[in-house]
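Visitor: I'd like to learn how to read a protein model, one feature at a time. Could you show me the structure and walk me through it?

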Amino acid sequence: MSTKKIKENVYAVGVIDWDRRLFDELIPLPDGTTYNAYLIKGSEKIALLDTVDPPFASELLNNLKELKVERIDYVISHHGEQDHSGSIPEVLASYPMAKVVTNQKNKDLLKEHLLIADDKFIVVADHETLSLGDKTLEFIFAPWVHWPETMFTYLKEDNILFTCDFLGSHLATSDLYAKEGPKVYAAAKRYYAEIMMPFRPLVTKHLEIVEKLNPSIVATSHGPIYDQPKYILAAYAEWVSDAVKNEVIVPYVSMHGSTKVMVDYFVEKLMAQGIKVKPFNLTTMDLGDLAMELVDAATVVLGTPTVLAGPHPKAVYAAYLLNALRPKTKFVSLIGSFGWGGKTVEQIAGMITALKVEILAPVMVKGLPKEADYRELDRLVEDIVEKHKKGVSNG
Ligand code: FEO
């Protein structure tokens, strides 16, 4: 039996995807993931909260059969993304009396993406409640964590907050509850970095809502759930804060080794100054590892050769990600080698306009670095040391 009881008449009925290794054809999932769904049996009505990724629809339906669920009155949809909503059509086919309960924005999305008929919906307002008899659901809109329609459900009698993606993690585990430790922390941080970081101001706002409710359980839609929510809330508070650490991230690519010579020298000099440094070879790096480092680092220095008159496409990819993920990074620079010219600096600068950063003078070198070029790299190290002296933590 793969369902788990959370409280009296509240069950986890989702599935574990042990083998998934890529999400959105972009995000690596080194530890798989779960698609959590929940069943709440009230004295009068029965609600299913979210569904699962469509390939697992039959597993979800089997879980419901195991719990002898003969009737579902409401399918609560917190989020239109298909890993949670994609099996709603199969659930409606098996439970034709069920209505989909969600907000107007999500209704519009579900109609377009899943072709669910208009008359299958009940549209709710922010903070509207729905009685299941002896259990009451309150819907709390939480837009942009991470789509415009995202919302939470608060189960008042049991003090459980269902947050869907928010506070989740891509971690396949048979544990219902998160066990505090490096594995859970890293998975949650990776998830925050990849999914939530671009919406940091709204994440901050929604964290306040969660803290105010003070739920005894935070039930997410991915990964283990939290029966000690303070753990994940404290971690998020640190990640969303404006504080940056005394760290430099160096995503780089090198074609014939000249840029690598510069990166190696630069990294060593930073280390000698007591700065934590993390170089990422862009030809082999894991996007999630890079995103995680971007959560806290004060500075990013991109290393790229010039090819076809501009930055290497791998460096373009890194710059695009940096701009899209919008970390709280405060300083950015560029180092690299060129053969005869090009517009590498201008093109990279034009790609990171969403970042609120100070650009430190780049070091672009013709061919291999010479004595004067090494002094320029020393100057960039000194610039970073000086900038970090003001307002970065060594935590
Ligand atoms: Fe887990 Fe945004 O879907």
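**Reading the model, feature by feature**

Guide: Helices (H or I, at least four residues) and strands (E, at least two) are DSSP runs, numbered from the N terminus. Before we go on, this is a predicted model, where local features need pLDDT of at least 70 and side-chain atom pairs count only at pLDDT 80 or more, while totals for chains, interfaces and linings use all residues. Residues are numbered from 1 along each chain as its sequence is written, and side-chain values use heavy atoms, with hydrogens and water left out.

Visitor: Is Lys107 buried or exposed?

Guide: The idea first: buried means under 20% relative accessible area, exposed over 50%, and partly exposed in between (1.4 Å probe, protein chains only). Lys107 has 11% relative accessibility, so it counts as buried.

Visitor: Which residues is Lys107 in contact with?

Guide: Contact means heavy atoms within 4.5 Å. Leaving aside neighbours within four places in sequence, Lys107 is in contact with Thr102, Asp118, Phe121 and Val123.

Visitor: What about the whole protein: how many helices and strands are there?

Guide: The protein has twelve helices and 25 strands. Its C-alpha trace spans about 80 × 40 × 35 Å along the principal axes. Of the 395 residues, 56% are buried. Of the contacts with a separation of 6 or more, 73% are between residues 24 or more positions apart.

Visitor: How do I read a helix? What span should helix H6 have?

Guide: The expected span is 1.5 Å times one less than the number of residues. Helix H6 (residues 200-213) has 14 residues and should therefore span 20 Å; its end C-alpha atoms are 20 Å apart, which agrees.

Visitor: Which residues of H6 are buried?

Guide: Those are Arg200, Val203, His206, Leu207 and Val210. They sit on the same side of H6, because they cover an arc of only 115 degrees around the axis. That arc is the one of the directions from the helix axis to the C-beta atoms.

Visitor: And which exposed residues are on the face of H6 turned away from the buried side?

Guide: That face carries Pro201, Glu208 and Lys212, which are exposed. As for the buried residues of H6, what covers them includes strand E14 (151-155), strand E15 (160-164), helix H5 (182-196), strand E16 (217-220) and helix H7 (230-240).

Visitor: Now the backbone. What should I look out for?

Guide: Most residues other than glycine have a negative phi, and most peptide bonds are trans. Here, Trp144 isn't a glycine, but has a positive phi of about 70 degrees. Trp144 is in the loop between E13 and E14, and with 38% relative accessibility it counts as partly exposed. In the loop between strand E13 (136-141) and E14 you'll also find His146. The peptide bond from Val145 to His146 is cis, with omega near 20 degrees.

Visitor: Where does Leu308 lie?

Guide: Look in the loop between strand E20 (306-307) and strand E21 (310-311). Leu308 isn't a glycine either, yet its phi is positive, about 50 degrees. At 84% relative accessibility, Leu308 counts as exposed. Just after H6, Asn214 also takes a positive phi, of about 50 degrees.

Visitor: One last thing: how do I compare sequence with space?

Guide: Take two residues and look at both separations. Asp175 and Val363 are 188 residues apart in sequence, and their C-alpha atoms are 49 Å apart in space. Asp175 is in the loop between E15 and H5.
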